[in-house]
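Please look at the sequence and the structure shown here before reading the report.

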Amino acid sequence: MKWNWPFAWHILPVILRGMVITIEATVLGMLLALILGLIWAMLLILPNRWLFWSTRGLTEFIRDTPLLIQLFFCYYVLPEIGITVPALLTGITVLGINYSAYTSEVYRAGLQNIPRGQWDAARALNFTAAQTFIRIILPQALPPIVPAMGNNLIAMFKDTPLLSTITVMEMLNRAMIIGDKTFRYLEPLTIVGILFLIISLLASALIGFTQRRILVRR
Amino acid sequence: MLHMLPMMLRGTVVTGEVTAGAIVVASVAASCAVAMRLSTLAALDWPARVYIELFRGTSALIQLFWAFYALPLVLPFRPSPMIAAIAVLGLNGGAYGAEILRGAILSVPRGQHDAATALNLSSAAKMFRVVLPQTWPLILPPMANLFIDMLKNSALAGLVQVTDITFNAQILQESTLRNAQVYGVALVIYFIMALVLAGFMRLLERWMKFPIGARV
């Protein structure tokens, strides 16, 4: 079977429409991961052993099980307990929760790099713990972890094809439907692969650039 | 609940096989790719670069579907699902592994190379007796993470007819409709497998520190 250019151009717009959903899922999923991850990281530094171990256990379990099974679990079990949401929303939520386990580690590394003296100094200046965290600690901890978060973003982008298994109409799902209808899988699957390659190469170049900028500023 | 266990356990064996096979393929692919990357010949360096970027830049699921649905249309034969899954997951892991190896090898100080040259060691001896033994402690922790990622990625093989945990769980889910139980059990099995793999890697890490006299 040979590559068919007219067919490839014909299906490109259909697949590109799927890219909108792919990007939507990545951006919203990452937003959720950034928020949840920060919450986990904060629970981990609080001096409460019970909170520490339950958060630890949860993130460890999330990180040690396949995203695919987590997706299946939520997709089939949520309706059973009376929660019916669109598949895309389930997908975004599972992606967000899954990656929050990774972003929490990144936040933790960033927070650990802030010297203890910063907390002591803030207390000496009569800041409350919340004020210290939001106005002193976070502004120092966040910039260095931007590249690591960027890598998580790319990894999540590359995990979005898994949403096709729970009927989300992203790029891979559209490519497979075209393949099933026309029995030509070569063009649609190759196009999806190339689109992913282009975006992730551009994104990692951008991260490399930011990383160098941050290093220079120090 | 109990009647689904035999099927899940059969799936567990297949998942173990896919993961083990993929880890072997990944180790070989990563070693070859890193050797080519470190070569001064552009003809060796570039193919390895393309391989690494290609497999790291696209998603494992797309690679798997491509190998399963598109590749047989180009190839004169159709590889079995198991072979295709092991090859793709292995090559995918190998691309990440190559970058881990490269970082570790480049982190060995220049002076170690010079000293080995001064002692008249051959380049093979320099690599295997001087450089590599020092890199083990740097390589093993990220490799452990990679292997666990590969175990989790092996779940994707269930989507291309490999009868692993995921595949059997899907069949059980469709026939019993006990969604929470089926996928709950699957999650727990993967979790236990990951813990076992992580424990094994920690043992290996300890054991590898002895030859270079590092403190354990």
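The structure is a predicted model. Chain A has 9 helices and 0 strands, and its elements run α-α-α-α-α-α-α-α-α from the N terminus on. Taken along the principal axes, the C-alpha atoms of chain A fill a box of roughly 70 × 50 × 25 Å. Of the 218 residues in chain A, 38% are buried. When contacts in chain A between residues at least 6 apart in sequence are considered, 78% of them join residues at least 24 apart.

Chain B comes to 8 helices and 0 strands, in the pattern α-α-α-α-α-α-α-α along the sequence. The C-alpha trace of chain B spans about 70 × 45 × 25 Å along its principal axes. Buried residues account for 39% of the 216 residues in chain B. Among the contacts of chain B between residues at least 6 apart in sequence, 77% connect residues at least 24 apart.

## The contact between the chains

Chain A contributes 29 residues to the contact, and chain B contributes 30 residues. On the side of chain A that touches chain B, at least two residues come from each of α3 (67-80), α7 (146-159), α8 (171-182) and α9 (186-217) of chain A. The most is given by α9(A), with 9 residues. By class, this side of chain A holds 19 nonpolar, 6 polar and 4 charged residues.

## The nonpolar core

The largest nonpolar core has 110 residues, and L189(A) and V192(A) have the most contacts inside it. Helix α4 (residues 81-106) of chain B gives the most to this core, with 12 residues.

Which residues are in contact with V192(A), leaving aside its neighbours within four places in sequence? They are I15(A), M171(A), L172(A) and A175(A) in chain A, together with I62(B) in chain B.

## A helix pair in chain A

Helix α5 (residues 116-124) of chain A packs with helix α6 (residues 129-141) of chain A at an angle of about 130 degrees, and their axes are 10 Å apart. Because of this angle, α5(A) and α6(A) are oblique to each other. Their crossing is right-handed.

In this pair, Q118(A), W119(A) and A122(A) of α5(A) meet T132(A), I136(A) and I137(A) of α6(A). The residues of the contact of α5(A) with α6(A) comprise 4 nonpolar, 2 polar and no charged.

## A helix pair in chain B

In chain B, the axes of helix α7 (residues 165-176) and helix α8 (residues 179-209) come within 8 Å and cross at roughly 165 degrees. An angle over 145 degrees counts as roughly antiparallel, and α7(B) and α8(B) are therefore roughly antiparallel to each other. The crossing of α7(B) and α8(B) is right-handed.

Where do the two helices meet? From α7(B) come I165(B), T166(B), A169(B), L172(B), Q173(B) and T176(B), which meet N179(B), V182(B), Y183(B), A186(B), I189(B) and Y190(B) of α8(B). The contact of α7(B) with α8(B) has 8 nonpolar, 4 polar and no charged residues.

How values were computed: Residues numbered from 1 in each chain as written. Chains lettered and ligands numbered in written order. Predicted model: local features only at pLDDT ≥ 70, side-chain atom pairs only at ≥ 80, totals over all residues. Axes fitted to C-alpha atoms, helices over the stretch in contact; angles between N-to-C directions. Helix = DSSP H or I, 4+ residues; strand = E, 2+ residues; numbered from the N terminus. Parallel < 35°, antiparallel > 145°, perpendicular 65-115°, else oblique. Left-handed = near helix turned anticlockwise from the far one by under 90°. Contact = placed C-beta atoms within 7 Å. Nonpolar A, V, L, I, M, F, W, Y, C, P; charged D, E, K, R; others polar. Core = buried A, V, L, I, M, F, W, Y, C linked by C-beta atoms within 7 Å. Buried ≥ 20, exposed ≤ 12 C-beta atoms within 10 Å, placed from the backbone.
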